[in-house]
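This briefing covers side-chain contacts, grouped by topic.

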Amino acid sequence: MTPDSFNLNFLSPEVLRPEIQAFASGFPITLLHAGVTLLLLLIGATVYSLLTPYKEIHQIREGNSAAAVAFGGVIIGLAIPLAASMAASTSLRDIVLWGGATIVLQLFVFRLVDFLLAGLPNRINEGEVSAAVLLVSAKLAAALVLAAAVAA
């Protein structure tokens with residue numbers, strides 16, 4: 001082997017393929033957008049857990065499967081419209097604006113669903129998984145409708 005076989009000049013930016021250049025410039029932005037969206041998700045889940053009369057995290061730690069199903073549905077229900085808002089956004093400002101708006105709307109819809117299905121939160125508190133599944137289904141349906149509205 002000659003020393004020429006170890007020539008790494010093909011890695012210089014002038015020679016890199018456009019796809020690699022696009023990835024190199026876009027990947028940090030992707031990480032930033034995903035990080036901000038995950039932070040919004042964490043904020044939304046925290047606010048939800050603070051607004052509910054039942055302390056889901058405490059119940060989950062005590063082994064309440066219904067509370068785990070319900071809170072897992074809340075996290076997914078918040079993530080769906082956040083993902084749609086991130087996909088529809090063109091800047092970090094858009095992600096924060098639309099993400100914040102979807103969290104507020106989702107939290108309102110979650111409370112509305114809890115109100116309309118009045119007995120279910122109490123049944124979840126008592127550990128009834130079937131009530132949690134129904135409540136999660138209603139919340140996920142609302143999340144999908146909101147996500148479609150954001151993407152439209």
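Tyr48 is buried, at a relative accessible area of 5% (buried is under 20%, exposed over 50%, partly exposed in between; 1.4 Å probe, protein chains only). The model is predicted: local features need pLDDT of at least 70, side-chain atom pairs count only at pLDDT 80 or more, and totals for chains, interfaces and linings use all residues. Residues are numbered from 1 along each chain as its sequence is written, and side-chain values use heavy atoms, with hydrogens and water left out.

**Aromatic pairs**
- There are two aromatic pairs (ring centres of Phe, Tyr or Trp, the latter by its six-membered ring, within 6.5 Å; planes under 30 degrees apart are stacked, over 60 edge-to-face, the rest tilted).
- Tyr48 and Phe71 make a tilted pair, with ring centres 6.4 Å apart and planes at 40°.
- This pair ties together parts 23 residues apart in sequence, because Tyr48 lies in helix H1 (residues 18–51) and Phe71 in helix H3 (residues 65–88) (helices are DSSP runs of H or I, at least four residues, numbered from the N terminus).
- Phe71 is buried, at 9% relative accessibility.
- Tyr48 and Phe110 pair edge-to-face, at 5.8 Å centre to centre and 90° between the planes.
- Phe110 lies in helix H4 (residues 92–116), so its pair with Tyr48 in helix H1 links parts 62 residues apart in sequence.
- Phe110 is buried, at 0% relative accessibility.
- Tyr48, Phe71 and Phe110 form one aromatic cluster.

**Charges**
- Lys139 lies over the face of Phe110, 5.2 Å from the ring centre (NZ of Lys or CZ of Arg within 6 Å of the centre and within 35 degrees of the ring normal).
- The structure holds one salt bridge (a side-chain nitrogen of Lys or Arg within 4 Å of a carboxyl oxygen of Asp or Glu).
- Arg123 forms a salt bridge with Glu128, with the closest N and O atoms 2.5 Å apart.
- Arg123 is partly exposed at 35% relative accessibility, and Glu128 is partly exposed at 28%.

Conventions
Helix = DSSP H or I, 4+ residues; strand = E, 2+ residues; numbered from the N terminus.
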